[in-house]
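Here is a brief report on one chain. Look over the sequence and the coordinates first, then read on.

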Amino acid sequence: MGYVMLAGAIAAEVAATTAMKYSDGFSKLWPSLVTLLGYVIAFALLAQTLKTVSVGTAYAIWAGAGTAVIAAIGMVFLGEGLSAAKLGGIALIIGGVVLLNLGGAH
C-alpha cells in the first residue's frame, strides 16, 4: 500500500508543478490553487508512505520519478527542447533510483 500512496504523491506533485507553470508567478487564481492543493496532497501522501517505506527509498523514487516526468512533460507538452543531454540526464536519474534501491536503500 505504501507504494500506491507514493505513486499518488508523485502524481499530485507532478500535477502541482505543471499547474505552477500555468500560474504565471502565482498571478492566476485557479492554477495557483491547483498548485497549492497538489502540494498539500503530495506531502500528505508522502508522509503516509513513510510509515511503511524507508525514507531513502521513498525519496529517491519521489525525486527521480517526479523529475523525469516533469522533464518529459516539458519536452512533450510545453515546447521545451529535446536534446541528447536531457535524455541522458533522465536516464541517469532513473539509473540512480534503481541503484539506490538495489544497493539497500530499503
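## Burial and overall build

A residue counts as buried when its relative accessible area is under 20%. By that cut-off, 30% of the chain's 106 residues are buried. The model is predicted.

The chain holds four helices and zero strands. Along the sequence the pattern reads α-α-α-α. Along the principal axes, the C-alpha atoms fill a box of roughly 45 × 35 × 15 Å. Consider contacts with a separation of 6 or more: 63% of them link residues 24 or more positions apart.

## Packing of α1 and α2

Two packed helices are described by the angle between their axes and the distance between the axes. Helix α1 spans residues 2-22 and helix α2 spans residues 29-49. Their angle is about 160°, and their axes lie 7 Å apart. Angles over 145 degrees count as roughly antiparallel, so α1 and α2 are roughly antiparallel to each other. The crossing of α1 past α2 is left-handed.

On the α1 side, the contact includes Met 5, Leu 6, Ala 9, Ala 12, Glu 13 and Ala 16. On the α2 side, Val 34, Gly 38, Ile 41, Ala 42 and Leu 45 are among the residues taking part. By class, the residues of this contact divide into 15 nonpolar, seven polar and one charged.

## Thr 57

Where does Thr 57 sit? Thr 57 belongs to helix α3, residues 55-77. Its relative accessible area is 0%, so Thr 57 is buried. The side chains of Thr 57 and Ser 54 are joined by a polar contact of 3.0 Å.

Notes:
Residues numbered from 1 in each chain as written. Predicted model: local features only at pLDDT ≥ 70, side-chain atom pairs only at ≥ 80, totals over all residues. Heavy atoms only, no water. Axes fitted to C-alpha atoms, helices over the stretch in contact; angles between N-to-C directions. Helix = DSSP H or I, 4+ residues; strand = E, 2+ residues; numbered from the N terminus. Parallel < 35°, antiparallel > 145°, perpendicular 65-115°, else oblique. Left-handed = near helix turned anticlockwise from the far one by under 90°. Contact = heavy atoms within 4.5 Å. Nonpolar A, V, L, I, M, F, W, Y, C, P; charged D, E, K, R; others polar. Buried < 20%, exposed > 50% of the residue type's maximum accessible area, 1.4 Å probe, protein only. Polar contact = N/O pair within 3.5 Å; in protein donor to acceptor, adjacent residues only side chain to side chain.
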